[in-house]
Amino acid sequence: MRRILFKSKIHRATVTQADLDYEGSVTIDQDLLKAADILPFEKVAVWNVTRGTRLETYALEGESGSGVICINGAAAHLNQPGDLVILATFAEVEEAEAAHWKPTVVFVDGKNRAVPGVTEEIPGPARRIA
């Protein structure tokens, strides 16, 4: 059996642009793509923390070091500059691999730069205690 597991994410990035006239996709700073192990044209879920919207699109490579998170095309109706988003990917893995699976999590600062050394998620209830 194969399972679909959470592969990687960029957590709480700030949308820098929303381009309604572009054909589609999300442009992401090349440094963040590499840190989160996301390839150009890979399917990406965009979960808007600010507005509560969710959508799927694909990643495009933005300029390295720019901090760009540009939501393109019709998705620009659901995401605006300043919104906080989570950009997530998933992968199909074999059952044996799933038992030891560990996703890649990239936390970012207010300028969409990876926060070094912070790679572990704390589940909601535990976060309140920590």
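How many bridges join strand β1 to strand β7? There are 10 bridges between β1 (residues 2–14) and β7 (residues 84–94), and the two strands run antiparallel.

## Ground rules

This is a predicted model, in which local features need pLDDT of at least 70, side-chain atom pairs count only at pLDDT 80 or more, and totals for chains, interfaces and linings use all residues. Numbering starts from 1 along each chain as its sequence is written, and side-chain values use heavy atoms, with hydrogens and water left out.

## How the strands pair up

A quick word on terms. Strands (E, at least two residues) are DSSP runs numbered from the N terminus, and two of them pair if DSSP finds at least two bridges between them.

## The annotated active site

The UniProt record, an unreviewed entry, puts the "active site" label on Ser25 and Tyr58. They are spread over 34 residues of sequence but cluster in space, with a largest C-alpha distance of 5.0 Å. Bear in mind that UniProt positions are given in the numbering used here, feature names are shortened, and annotations may be inferred rather than shown by experiment.

## Ser25, residue by residue

Ser25 belongs to strand β3 (residues 25–29). Is Ser25 buried or exposed? It counts as buried because its relative accessibility is 2%; buried means under 20% relative accessible area, exposed over 50%, and partly exposed in between (1.4 Å probe, protein chains only).

Setting aside neighbours within four places in sequence, Ser25 is in contact (heavy atoms within 4.5 Å) with Thr57, Tyr58, Leu60, Cys70, Ile71 and Asn72.

Tyr58 lies in strand β5 (residues 54–62). With 32% relative accessibility, Tyr58 counts as partly exposed.

Not counting residues up to four places away in sequence, Tyr58 touches Gly24, Ser25, Val26, Phe41, Glu42, Lys43 and Val44. As for Gly24, the Tyr58 side chain reaches its backbone oxygen at 3.5 Å.

Definitions and conventions: Helix = DSSP H or I, 4+ residues; strand = E, 2+ residues; numbered from the N terminus. Polar contact = N/O pair within 3.5 Å; in protein donor to acceptor, adjacent residues only side chain to side chain.
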